[in-house]
Amino acid sequence: MGFYEEVQEIRARYPEGTRSAVLPALRLAQERHGWLSREAIEETADALELTPAYCYSIASFYDMFDLQPAGRHEIAVCTNVCCGLVNAQAVLEAFEHELGVGPGETTPDGAVTLRAVECLGGCSTPTLVAVDHVYRQSVTPEDVPAILAELAE
Amino acid sequence: MSETTVRVAEGPALVLAGYEGKPLRDLADYRAVGGYEQLEQARTRDPQAVIQEIVESNLRGRGGAFFPTGRKASFIPTPDKIAKPIYITVNADESEPGTFKDREIMLKVPHRLVEGCLIAAHAIQSQQVYIYIRGEYLAEYESVQGAIDEARAAGILAGVEITIHRGAGAYICGEETGLLESLEGKRGQPRSKPPFPAISGLYASPTLINNVESITTIPAILAVGPPEYAKIGAPPDSTGTRLFCLSGNVERPGVYEAPHGITPRHLIYDVGGGVPGDRTLKAVMMGGSSFPVMTPDDLDTPLDADSLGQKGYFIGSGVVTVIDERTCIVQFALRVAQFYMHESCGKCTPCRVGTRWLVQLLRAVEEGRAQERDLDLLLDVCDRIIGKCLCVLGDSAAMPVASCVTKFRDEFRAHLEHGGCPFGTDSQLARLFAPVDQHAHTPVAQEALV
């Protein structure tokens, strides 16, 4: 199914005349394009019969939408208080060291985007790391090379 | 890479009833522990009678506001009074730092959440339920979607539609009107109230908004009987059990179901095994990061709304995060303030600008660039935020910061006298990175006032 048709299916889940399909449609566009480029936003706007400006105003509000090119994989390290109390900073630094990039940056080969994120809701098993949106609990700095090796496969 | 501990610590198993280590993900497993029986019985009763039962149980919202759930439902007009659809939205945008209970409900007992939705739908005569789940929760989304699909295939939905709407990363969408805006496809910026959602909520229609745990508790209330439920915990106001989220510097963190009235000391030391290395407990992030921190002298305060309220604390979303002696409290306040600065939606000036002020001042204290008068300025800024915005996000930044300055003033002073952080790099939160808005074009100016 094409993008346009899929968006129409999403729209059908919500009452007619509402804009509720914007978030799911933008997520779909991001999954297809890897990030929300100008073209991806325009395509989404067309399918939703909204303006690109409106769609951009939504995309720019939410943290999970990438308005810049992102890596093929995403590593999101929780650095809020609960993980912070139990060594999240060391986990983040281990990723920085192994990847050679800082939080918010993508490796030069476009493989991995590293992010530091706010509380992911895994406070009892710090440090929580979301690898391509799949939660890894109780991650220590020692686990970092193995996680990256998995992604390289 | 260990699993989250989820168990009943004390008292009757209600929300977690039937869960004994193995998630009740399959319909057959859930039915084996009496699942969907309460729904079946409730559907034979008058909708108003079901609302009355929830009122009788005195269930209060588990998302943080502690508003009586039954009363909220009773505000919804009946279909004969209004020519609009009536909606239920379940708040599964669990994002309060330290909170991880709704996630475990969705993973361990997803059918109980679905049953709760359907009972609530019968009570307020709604045909459409939206579950707004935070975008980061992927496994949780799949778990609940699986339960909905199974219930639909078994004919349990009986004409009620349950739709999951996934968020995209914004703490503010946990605020009820921010959630509605987001669900309507807008930026998640809170609305001015009134009108309240019960009258004009989603798509300007009557809308009941409840937290995942509140909704999931409803089948459990009907199972034990509302009068019996109202006797559990700390009646009359804090009835029943709740899922406490124990984390931080504690031996056995986890989600523990226990009646209201359990003390933090019991929860931390007996259930949780105490502070690792026999270190001294310095403070507790009580209720969530949005509330005043608890000092060790209050560890025997029962965890119910009244007892906590008398001492200026809040039960919030049931968070108990232990902070031990190695943590610099200024760094803690700074990291908390950074979170709210990042998450402020920008609609109200006191919050948008005030949270930046808090971060700047706290950073100045931490780096030894502040003076005594800056501590008063911090409290003054807090005072200029609290109660002055459309929603409580600003208050949520100001309350913990003000409590840290007030209760740990000596430690703040030590920073001034020492010309920097007396902990050096030994504090657990030292150098902890805080995310900034990835969409901003000038990252350097993130914390600067504009």
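Which residue of β4(B) stands opposite B:Val129? In this predicted model, the residue opposite B:Val129 is B:Ile162.

## The parallel sheet of chain B

B:Val129 and B:Ile162 face each other where two strands of chain B run parallel, namely β3 (residues 128-133) and β4 (residues 161-166), joined by six bridges. On another strand, β2 (residues 87-92) of chain B, the pairing with β3(B) is also in the parallel sense and extends over six bridges. Within that pairing, B:Asn91 has B:Tyr132 of β3(B) as its bridge partner.

These strands belong to an open sheet of four, arranged in the order β4-β3-β2-β5 in chain B, with parallel pairing.

Helix α7(B) lies across β3 and β4 of chain B and runs at about 170 degrees to β4(B). Helix α9 (residues 212-224) of chain B also packs on the sheet, where it touches β2 and β5 of chain B. The direction of α9(B) makes about 90 degrees with that of β5(B).

## An enclosed strand in chain B

Strand β8 (residues 241-248) of chain B has eight of its eight residues buried, so it is largely enclosed by the rest of the structure. This strand pairs with β9 (residues 254-259) of chain B in the antiparallel sense over six bridges, and a hairpin of five residues joins β8(B) to β9(B). Strand β8(B) also pairs with β11 (residues 319-324) of chain B, here in the parallel sense and over four bridges.

One residue of the strand illustrates both pairings. B:Cys245 has B:Val255 as its bridge partner in β9(B), and B:Val319 as its bridge partner in β11(B).

## A buried face on a helix of chain A

In chain A, helix α4 (residues 52-59) contains the buried residues A:Cys55, A:Ile58 and A:Ala59. Why do they lie on the same side of α4(A)? They cover an arc of only 100 degrees around the axis, which puts them on the same side of the helix.

## Domains and the contact between chains

The domain assignment divides chain A into domain 1 (3-59) and domain 2 (73-152). The C-alpha centres of these two domains of chain A lie 29 Å apart. For chain B, the assignment gives domain 1 (15-230), domain 2 (234-324) and domain 3 (329-445). The C-alpha centres of domain 1 and domain 3 of chain B are 35 Å apart, and the contact between these two domains takes nine residues from domain 1 and seven residues from domain 3.

Between the chains, 48 residues of chain A are in contact with 56 residues of chain B. Several elements of chain A give two or more residues to the side that touches chain B, among them α4, α6 (88-99) and β2 (112-117). The largest share of that side, four residues, comes from α2(A).

Most residues other than glycine have a negative phi, and most peptide bonds are trans. In chain A, however, the peptide bond from A:Pro126 to A:Thr127 is cis, with omega near -5 degrees; A:Thr127 lies in the loop between β2 and β3 (129-131) of chain A. In chain B, a cis peptide bond joins B:Pro194 and B:Pro195, with omega about 5 degrees. B:Pro195 belongs to the loop between α8 (176-183) and β5 of chain B.

Two residues of chain B other than glycine have a positive phi: B:Tyr36, near 70 degrees, and B:Ala158, near 50 degrees. B:Tyr36 is in the loop between α1 (27-32) and α2 (37-43) of chain B, whereas B:Ala158 is in the loop between α7 and β4 of chain B. Are these residues buried or partly exposed? B:Tyr36 is buried, with 20 other C-beta atoms within 10 Å, while B:Ala158 is partly exposed, with 13 other C-beta atoms within 10 Å.

Note on methods
Residues are numbered from 1 along each chain as its sequence is written. Chains are lettered from A and ligands numbered from 1 in the order in which they are written. This is a predicted model: local features need pLDDT of at least 70, side-chain atom pairs count only at pLDDT 80 or more; totals for chains, interfaces and linings use all residues. Two strands pair if DSSP finds at least two bridges between them. Axes are lines fitted to C-alpha atoms, for helices over the stretch in contact, and angles run from 0 to 180 degrees between N-to-C directions. A residue is buried if 20 or more other C-beta atoms lie within 10 Å of its own, exposed if 12 or fewer, and partly exposed in between; C-beta atoms are placed from the backbone. The arc is that of the directions from the helix axis to the C-beta atoms. Domain bounds come from an automatic or database domain assignment.
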